[in-house]
Amino acid sequence: MAAPEEYDLTVKESKEVWWATTNEYDLEIDGENISVRIAETSKSTEFFEYEENSGWNEADTDSGLMAIVYEAWQNGELE
């Protein structure tokens, strides 16, 4: 069925109900290079680290360089 040539359309409400984005960063922290991806959705955030032998893996942000990445992300330093 084709739309009529003329019609009256009114948007009564519009809202975003879901979003997702992934940003990739190549960082140098205290002389060490690290590649990370931060995947955010409207419900969660996940951190991934690139490892030469296995590719992208979910990262532990509780220690090491990823703890620094997590803190920098929280403080808005990666924008």
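The following conversation concerns the predicted model shown above.

Trainee: Before we start, what are the ground rules for this model?
Mentor: This is a predicted model, in which local features need pLDDT of at least 70 and side-chain atom pairs count only at pLDDT 80 or more, while totals for chains, interfaces and linings use all residues. Residues are numbered from 1 along each chain as its sequence is written, and side-chain values use heavy atoms, with hydrogens and water left out.

Trainee: How many helices and strands does the protein chain have?
Mentor: There are 4 strands and 1 helix. Read from the N terminus, their order is β-β-β-β-α. Helices (H or I, at least four residues) and strands (E, at least two) are DSSP runs, numbered from the N terminus.

Trainee: Is the chain a compact globule or more spread out?
Mentor: The chain is more spread out than a compact globule, because its radius of gyration is 20 Å, well over the 12 Å that the globule rule gives for 79 residues. The radius is taken over C-alpha atoms, and the rule is 2.2 Å times the number of residues to the power 0.38. Along the principal axes, the C-alpha atoms fill a box of roughly 65 × 30 × 20 Å.

Trainee: And what share of the residues is buried?
Mentor: Of the 79 residues, 20% count as buried. Buried means under 20% relative accessible area, exposed over 50%, and partly exposed in between (1.4 Å probe, protein chains only).

Trainee: Which residues make up the largest nonpolar core?
Mentor: That core has 12 residues in all: Tyr25, Leu27, Ile29, Ile34, Val36, Ile38, Phe47, Ala59, Met66, Val69, Ala72 and Leu78. At least two core residues come from each of β1 (20-29), β2 (32-41) and α1 (64-74). A nonpolar core is a set of buried Ala, Val, Leu, Ile, Met, Phe, Trp, Tyr and Cys residues joined through side-chain atoms within 4.5 Å.

Trainee: Let us take Met66; where is it found?
Mentor: Met66 is found in helix α1 and counts as buried, at 3% relative accessibility. Beyond its neighbours within four places in sequence, Met66 is in contact (heavy atoms within 4.5 Å) with Ile34, Val36, Phe47, Phe48, Glu49, Ala59, Asp60 and Thr61.

Trainee: What is Tyr25 in contact with?
Mentor: Leaving aside neighbours within four places in sequence, Tyr25 is in contact with Ile34, Ser35, Val36, Ile38 and Leu78.

Trainee: Now the segment before β1: is Leu9 buried or exposed?
Mentor: Leu9, which lies in that segment, is exposed, with a relative accessible area of 65%. Leu9 and Ala72 are 63 residues apart in sequence, and their C-alpha atoms are 46 Å apart.

Trainee: What about Val17, buried or exposed?
Mentor: Val17 also has its place in the segment before β1, and counts as exposed at 68% relative accessibility. A separation of 28 Å lies between the C-alpha atoms of Val17 and Glu71, which are 54 residues apart along the chain.

Trainee: Turning to backbone angles, what is phi of Asp30?
Mentor: Phi of Asp30 is near 50°, a positive value in a residue other than glycine. Most residues other than glycine have a negative phi. Asp30 sits in the loop between β1 and β2 and is exposed, with a relative accessible area of 76%.
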